[in-house]
Amino acid sequence: MPELNPEFAKFQKELETLLKELTNRLTRAGLTKVQLAQIAAEVDFFQELKSFGFEDLVNKYFNGYDKIITQKINEAAAQGVKGLANVNIDSLLQIKELETQHLLKRAEAFSLQYKRELFTSLIRGDSIPETISKLRDITLTDAQLGTVLNTQYSEFSRTATKDIYKAKPEQRFRYVGRAGSSGIIPTNSEQCRWLIENQKPEGYTMAEIDAGIETPFTHQYGDLKGQPKMIYWQGREPNFNCIHEWTSIYDNKS
Ligand SMILES: [Zn+2]
């Protein structure tokens with residue numbers, strides 16, 4: 001069970017609905033095999049996905065990235081952080097551009113596979129329900145892409161925070177489930193939970209975090225077997241599916 005990022009959970013759900021709709025439309029009309037074969041030949045399923053709002057869905061997902069940056073910069077400005085003009089927003093947003101393109105490519109590949117499956121299934125002589133069920137099994141994201149998309153929001157947010165506060169080395173940070181929220185998101189990782197619940201009240205500097213915060217747990221297997229479980233700037237190590245991040249502590253006295 002990964003630590004699920006709420007934005008990704010929402011995206012995944014909406015994507016599933018969209019893909020279901022693509023197949024439902026084929027079944028609803030009560031088409032014959034001949035008509036289905038005709039559709040398989042004529043329809044561009046990538047265009048279909050787009051007309052169902054796939055691009056909007058992707059854009060909506062990645063637009064959250066702009067919000068993350070704006071929110072963090074405003075927060076830092078309110079805290080009197082200098083050098084904010086030097087934060088390289090363009091290179092941060094390049095990530096968003098690349099991910100958008102990557103997802104569009106995946107959708108294209110999905111559409112081709114969908115068409116191929118529809119065709120071959122009909123030629124093989126499968127029944128219509130068999131064909132439909134095969135179409136439903138085709139996925140647009142796999143576990144690996146899911147992991148990337150799930151953690152990338154946090155990855156992006158963590159990188160943005162680091163960029164923004166690099167000019168203020170004395171800044172202290174608190175480990176949270178999500179910047180801007182009170183903190184604990186359900187997690188199955190004992191080290192993330194422990195740090196969220198047991199961190200020093202004054203927080204940690206970036207240098208301390210980069211050196212790693214030791215937790216009382218030990219890796220039981222893998223390359224790190226026998227070593228203490230650490231938390232770094234990018235969360236736990238290894239950080240697959242870790243969505244926790246460091247948020248700046250605002251000192252009202254200054
Ligand atoms: Zn975590």
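This is a predicted model: local features need pLDDT of at least 70, side-chain atom pairs count only at pLDDT 80 or more; totals for chains, interfaces and linings use all residues.
1. α5 is followed by Gly-125, whose phi is positive, near 90 degrees.

2. The buried residues of α5 are Leu-103, Ala-107, Phe-110, Ser-111, Tyr-114, Leu-118 and Ser-121. An α-helix has 3.6 residues a turn, so residues three or four places apart point the same way. The cover over the buried residues of α5 includes α2 (33-42), α3 (45-51), α4 (54-78) and α6.

3. Helix α4 packs against helix α7 (residues 143-165) at an angle of about 30 degrees, the two axes being 10 Å apart, and α4 and α7 are therefore roughly parallel to each other. The crossing of α4 past α7 is right-handed. On the α4 side the contact involves Gly-64, Tyr-65, Ile-68, Ile-69, Lys-72, Ile-73 and Ala-76, which meet Tyr-153, Phe-156, Ser-157, Ala-160, Thr-161, Ile-164 and Tyr-165 of α7; these contact residues divide into 10 nonpolar, 3 polar and 1 charged.

4. The axes of helix α1 (residues 6-28) and helix α6 (residues 128-136) come within 10 Å and cross at roughly 170 degrees, which makes α1 roughly antiparallel to α6. Thr-23, Leu-26 and Thr-27 of α1 make this contact with Ile-132, Leu-135 and Arg-136 of α6, a set that divides into 3 nonpolar, 2 polar and 1 charged.

Note on methods
Residues are numbered from 1 along each chain as its sequence is written. Axes are lines fitted to C-alpha atoms, for helices over the stretch in contact, and angles run from 0 to 180 degrees between N-to-C directions. Helices (H or I, at least four residues) and strands (E, at least two) are DSSP runs, numbered from the N terminus. Angles under 35 degrees count as roughly parallel, over 145 as roughly antiparallel, 65 to 115 as roughly perpendicular and the rest as oblique. Two residues are in contact if their C-beta atoms, placed from the backbone, lie within 7 Å. Ala, Val, Leu, Ile, Met, Phe, Trp, Tyr, Cys and Pro count as nonpolar, Asp, Glu, Lys and Arg as charged, and the others, Gly among them, as polar. A residue is buried if 20 or more other C-beta atoms lie within 10 Å of its own, exposed if 12 or fewer, and partly exposed in between; C-beta atoms are placed from the backbone. A crossing is left-handed if the near helix is turned anticlockwise from the far one by less than a right angle, and right-handed if clockwise.
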